[in-house]
Amino acid sequence: MKLLSTGNPKVLKGLKEGFNTYILHLAPASLSGHNTCPKATEGCKAACLNTAGRGGMFKKGENTNTIQKARIRKTIQFFTARESFMQDLVKDIELAIKQSIKKNLIPVFRLNGTSDISFEKYEVVRNGVLYRNIFDAFADYQFYDYTKILGRKVTDISNYSLTFSAADGNDNDVAKAINQGYNIATVFGIKKTLPMPEEYMGLPVFNGDESDLRFLDPKGVVVGLYAKGKAKKDESGFVKYPTIMLKAA
Ligand code: SF4
């Protein structure tokens, strides 16, 4: 089964910088019957990008579409046929590398486009060699993700960059993540026409909407994201309203 895709509008911004992001979209939270987001909150589930763009276009009277069905199929494969899933992933990454070389682009990979799976835990075979995880199997290539899971064992994986995601009710984890050196992705309820706040939680804010290339971000920042889609109506606390902007409004 083909697992990776490109074409997300924000990812396309990376092309200008020479990077081609390939994303794995699984079904988030427990949509497939298997939980892919152990730290999901009510707010993030309601605002999840799973239904952004074509993933959220349903024919009248229907509540699913081919994109959602494919995400569910892939997720079920991950949980019930792990070896074949990992083999498909290896093949897809190899294909992505070939495609990118032809286009003179650097392929980069985001495996948790709409999930939060600790991929560092899963062994994989590439060219007959057993690797402890997919990142080691493709050690020359950059991977990156957002996560809400603290304590993932990734510090010795130099080609995997993680940004911690703030949400409703995970303030304690955010504080610990800052202490552990993570950048914090935060969705702000401000209009795209307004600038990001200069600071949030005592940290400088970096505009994370200019590209999706999180591994290039400066360290020690809040990665600010403008609320999009359903997040614009969030009242759960998932979307944050920086005091500075409220004063200005
Ligand atoms: S953890 Fe991320 S992928 Fe999972 S439901 Fe929340 S926003 Fe969606």
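Biologist: In which element is R126 found?

Modeller: This is a predicted model, and that applies to everything that follows. R126 touches V90, E94, Y131, A137 and F138, leaving aside residues up to four places away in sequence. As for its own secondary structure, R126 is found in strand β4.

Biologist: How many helices and strands does the chain have, and what is its radius of gyration?

Modeller: The chain has seven helices and eleven strands. For 249 residues the globule rule gives 18 Å, and the computed value is close to that, so the chain is as compact as a globular protein of that length, with a radius of gyration of 18 Å.

Biologist: What percentage of the contacts between residues at least 6 apart in sequence join residues at least 24 apart?

Modeller: As background, buried residues make up 51% of the 249 residues in the chain. Among the contacts in the chain between residues at least 6 apart in sequence, the share that joins residues at least 24 apart is 60%.

Biologist: Where does F19 lie, and is F19 buried or exposed?

Modeller: F19 is placed in strand β2, which covers residues 19-24. Its contacts, not counting residues up to four places away in sequence, are with G14, L105, I106, V108, L213, F215 and L216. Because the cut-off for burial is under 20% relative accessible area, F19, at 14% relative accessibility, counts as buried.

Biologist: How far apart are the C-alpha atoms of F19 and N104, and what is the phi of N104?

Modeller: F19 and N104 are 85 residues apart along the chain, yet their C-alpha atoms are separated by 9.2 Å. N104 lies in the loop between α4 (82-102) and β3, and at 70% relative accessibility N104 counts as exposed. Most residues other than glycine have a negative phi. N104 is not a glycine, but its phi is positive, at about 65 degrees.

Biologist: Where is N127 placed, and what value is its phi near?

Modeller: N127 is in the loop between β4 and β5 (129-131), and with a relative accessible area of 67% it is exposed. Its phi is again a positive value in a residue other than glycine, near 50 degrees.

Biologist: Which residues are linked with R152 in a network of salt bridges?

Modeller: A search of the whole structure finds ten salt bridges, and in one of them the side chains of R152 and E120 meet at 2.7 Å, N to O. That pair links distant parts of the chain, 32 residues apart, with R152 in the loop between β6 (142-147) and β7 (160-165) and E120 in the loop between β3 (106-110) and β4 (124-126). Both R152 and E120 are buried. In the network, R152 is linked with D116 and E120.

Biologist: Are D217 and R214, which meet in a salt bridge, buried or exposed?

Modeller: A pair for comparison is D136 and R132, whose closest N and O atoms are 2.5 Å apart; D136 is partly exposed at 24% relative accessibility, and R132 is partly exposed at 38%. The side chains of D217 and R214 also meet in a salt bridge, at 2.5 Å, N to O. D217 and R214 are both buried.

Biologist: Which side chain of opposite charge is nearest to K74, and how far away is it?

Modeller: K74 is found in helix α3, residues 66-80, and touches M1, K2, L3, L24, H25, L26 and F85, not counting residues up to four places away in sequence. K74 is buried yet has no salt bridge. A salt bridge would need a distance within 4 Å, whereas the nearest side chain of opposite charge is D92, at 7.1 Å.

Biologist: How many nonpolar, polar and charged residues are in the shell around the ligand?

Modeller: The residues around the ligand are P28, C37, C44, K45, C48, T114, S115 and K148. Sorted by class, the shell has four nonpolar, two polar and two charged residues.

Terms used: Residues numbered from 1 in each chain as written. Predicted model: local features only at pLDDT ≥ 70, side-chain atom pairs only at ≥ 80, totals over all residues. Heavy atoms only, no water. Near = heavy atom within 4 Å. Nonpolar A, V, L, I, M, F, W, Y, C, P; charged D, E, K, R; others polar. Helix = DSSP H or I, 4+ residues; strand = E, 2+ residues; numbered from the N terminus. Buried < 20%, exposed > 50% of the residue type's maximum accessible area, 1.4 Å probe, protein only. Lys, Arg positive; Asp, Glu negative; His and termini not counted. Contact = heavy atoms within 4.5 Å. Rg over C-alpha atoms; globule rule 2.2 N^0.38 Å.
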